[in-house]
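Biologist: I am new to this protein and would like to go through it with you. Could you put the sequence and the structure up before we start?

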Amino acid sequence: MLNWTEIDTVLLDMDGTLLDLHFDTHFWLEFLPKELAKKRNISVADATDTLINYYKEVEGQIEWYCLDYWQKKLDLPIMPLKHELKHLISMRDDVPEFLTYLKSQGKQLILLTNAHPNSLSLKVERTNLDKYLDELISTHEYGVSKESQLLWHKVQQRLQFDPERTLFVDDSLAVLDAAKEYGIGHILAIANPDSNKPENVISDYLSTTDYRTLIPTSK
């Protein structure tokens, strides 16, 4: 379990961590292949294969998360297409109570997401996520993703947090590994980022499927 007396700052991922990953999974792996298939007059299966190969080329890099990159690469209107599915954007059920508790304890709550600013804006508009947080940071401001050590140095310079007294929460093991490498003292993995998929088995880090279990109960 986490010892909250040892934590001052909480850095939180967005997609799959505070928000249900279902929207993103559906958009990039199901909806977009159909749009690309129509655009190129190919089968959905071929479009899916094409996209997966494109994804692998830039996975973990800032381009992987960049809507401008994908709009140019695919010649498709990515943001308008996202708006077509915006009804699928939702906050995890366990998030409001968890963040409300952390704020009541005086923790500094920072959103640190690889999401493109336009995607971040759409999701904030749909969920009002910002009302629970002290600051929202998109890594696109720095041109490097959370997988990069350079990003961690830049964010620490900006926020002046103490790595040893910081908790980082994410659903990506590659990102969690980067946080650990940088020296973040407390790391939490989300084992159920997508409500429509089975839980992930995580052995390397403390993990949870419900933030409410991390809130100390009054005796």
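Modeller: One term is needed at the outset: two residues are in contact when heavy atoms of theirs lie within 4.5 Å. Among contacts between residues at least 6 apart in sequence, 65% join residues at least 24 apart. Please keep in mind that this is a predicted model.

Biologist: How many helices and strands does the protein have?

Modeller: The protein has 8 helices and 6 strands. From the N terminus on, their order is β-α-α-α-α-α-β-α-β-α-β-α-β-β.

Biologist: And what are the overall dimensions, taken along the principal axes?

Modeller: The C-alpha atoms fill a box of roughly 60 × 35 × 35 Å. The radius of gyration is 18 Å, which agrees with the value near 17 Å that a compact globule of 219 residues would have.

Biologist: What percentage of the residues count as buried?

Modeller: Of the 219 residues, 53% count as buried. The protein exposes about 10,600 Å², and carbon and sulfur atoms supply 46% of that area.

Biologist: Let us turn to charge. How many positive and negative side chains are there?

Modeller: There are 23 positive and 35 negative side chains, and the centres of the two sets lie 3 Å apart. Side chains of opposite charge can pair when their charged atoms come close. The count of salt bridges here comes to 12.

Biologist: Which residue does aspartate 24 meet in a salt bridge?

Modeller: Its partner is lysine 123, with N to O at 2.8 Å. This pair links distant parts of the chain, as aspartate 24 is in helix 1 (residues 22-40) and lysine 123 is in helix 6, 99 residues apart.

Biologist: Are those two buried or exposed?

Modeller: Aspartate 24 counts as buried because its relative accessibility is 10%, below the cut-off of 20%. Lysine 123 also counts as buried, at 1% relative accessibility.

Biologist: What about arginine 158, which residue does it form a salt bridge with?

Modeller: Arginine 158 pairs with glutamate 135, and their closest N and O atoms are 2.8 Å apart. Here too the pair links distant parts of the chain: arginine 158 belongs to helix 7 (residues 149-159) and glutamate 135 to strand 3, 23 residues apart. Arginine 158 is partly exposed, with a relative accessible area of 35%, and glutamate 135 is partly exposed with 26%.

Biologist: Which residues are linked in a network of salt bridges?

Modeller: Asp13, Lys146 and Asp170 are linked in such a network. Within it, lysine 146 and aspartate 170 have their closest N and O atoms 2.9 Å apart. Lysine 146 lies in the loop between strand 3 and helix 7, whereas aspartate 170 is in strand 4, 24 residues apart. Both lysine 146 and aspartate 170 are buried.

Biologist: Then aspartate 171. Where does it lie?

Modeller: Aspartate 171 is in the loop between strand 4 (166-170) and helix 8 (173-182).

Biologist: Changing topic: where is tryptophan 4, and is it buried or exposed?

Modeller: Tryptophan 4 is in the segment before strand 1 (9-12). Tryptophan 4 counts as buried because its relative accessibility is 7%. Beyond its neighbours within four places in sequence, its contacts include Val10, Phe98, Tyr101, Leu167 and Pro216. The C-alpha atoms of tryptophan 4 and arginine 165 are separated by 9.5 Å, although these residues are 161 residues apart along the chain.

Biologist: One last topic, the backbone. What is phi at aspartate 75 and at asparagine 128?

Modeller: Most residues other than glycine have a negative phi. Aspartate 75, however, has a positive phi of about 55°, and it sits in the loop between helix 3 (67-74) and helix 4 (78-84). Asparagine 128 has a phi near 60°, also a positive value. Asparagine 128 is found in the loop between helix 6 (117-127) and strand 3 (135-138), and it counts as partly exposed at 44% relative accessibility.

Key: Residues are numbered from 1 along each chain as its sequence is written. This is a predicted model: local features need pLDDT of at least 70, side-chain atom pairs count only at pLDDT 80 or more; totals for chains, interfaces and linings use all residues. Side-chain values use heavy atoms; hydrogens and water are left out. Helices (H or I, at least four residues) and strands (E, at least two) are DSSP runs, numbered from the N terminus. The radius of gyration is taken over C-alpha atoms; the globule rule is 2.2 Å times the number of residues to the power 0.38. Buried means under 20% relative accessible area, exposed over 50%, partly exposed in between (1.4 Å probe, protein chains only). Accessible areas come from the Shrake-Rupley method with a 1.4 Å probe; for residues, only the protein chains shown count as cover. Lys and Arg count as positive and Asp and Glu as negative; His and the chain ends are not counted. The place of a charge is taken as NZ of Lys, CZ of Arg, CG of Asp or CD of Glu. A salt bridge is a side-chain nitrogen of Lys or Arg within 4 Å of a carboxyl oxygen of Asp or Glu.
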